[in-house]
Amino acid sequence: MDLSSLSVAELRRLQTKVETEIRRRSDTAKKDLLKRMQKLAAEHGMSLNEVIGQEADKAPAAAPAAKKAAAAKPVKKAKAASVIKFRHPENASIGWTGHGRKPQWVIDWVAQGKSLDDLRADAAAVTAA
């Protein structure tokens with residue numbers, strides 16, 4: 001197949017078809033393998049769960065241990081409230097903490113050659129006073 005003659009749109013359609021077919025074949029292969037493994041285990045008088053160590057009589061014994069382990073875990077602390085460090089120049093109700101992806105209004109501000117320091121929430125409060 002000569003891919004160089006295909007357009008970008010045709011390549012994307014082909015890519016989607018290939019990804020779908022890979023998923024389908026992978027799912028089918030997994031199901032077939034599981035059936036073969038179950039059949040092989042049954043031929044030896046066992047279930048697949050017994051072969052991989054998930055015997056039914058072991059499950060109740062593991063449950064109390066799981067409860068103890070869960071109780072021993074420390075409780076997660078709630079995240080501290082994010083503090084707004086930068087305010088929108090025209091709408092002070094819009095802010096950004098300085099963490100994560102920059103909002104588009106911050107990107108536009110900097111693209112205009114303006115300083116990010118001009119947007120600082122504490123600086124705005126000082127200039128407003």
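**Contacts, core and selected side chains**

In this predicted model, residues 24 or more positions apart account for 19% of the chain's contacts with a separation of 6 or more. The chain contains five helices and two strands, and from the N terminus on these elements follow the order α-α-α-β-β-α-α. Of its 129 residues, 9% count as buried. The accessible surface amounts to about 11100 Å², with 58% of this area belonging to carbon and sulfur atoms.

In soluble globular proteins, nonpolar side chains tend to be buried together. Here, the largest nonpolar core is made up of six residues, namely Phe86, Trp96, Trp105, Val106, Trp109 and Leu119. Helix H4 (residues 104–111) supplies the largest share of this core, with three residues. For Val106, a member of the core, the contacts beyond neighbours within four places in sequence are with Trp96, Leu116 and Leu119. Trp109, also a core residue, has the charged end of Lys114 over its ring, at 4.5 Å from the ring centre. One aromatic pair is present in the structure.

Leu11 lies in helix H1, which spans residues 8–43. When neighbours within four places in sequence are set aside, Leu11 is in contact with Leu3 and Leu6.

Notes:
Residues numbered from 1 in each chain as written. Predicted model: local features only at pLDDT ≥ 70, side-chain atom pairs only at ≥ 80, totals over all residues. Heavy atoms only, no water. Core = buried A, V, L, I, M, F, W, Y, C linked by side-chain atoms within 4.5 Å. Buried < 20%, exposed > 50% of the residue type's maximum accessible area, 1.4 Å probe, protein only. Helix = DSSP H or I, 4+ residues; strand = E, 2+ residues; numbered from the N terminus. Contact = heavy atoms within 4.5 Å. Phe/Tyr/Trp six-rings, centres within 6.5 Å; stacked < 30°, edge-to-face > 60°. Lys NZ or Arg CZ within 6 Å of the ring centre and 35° of its normal. Areas by Shrake-Rupley, 256 points an atom, 1.4 Å probe, with all protein chains shown as cover.
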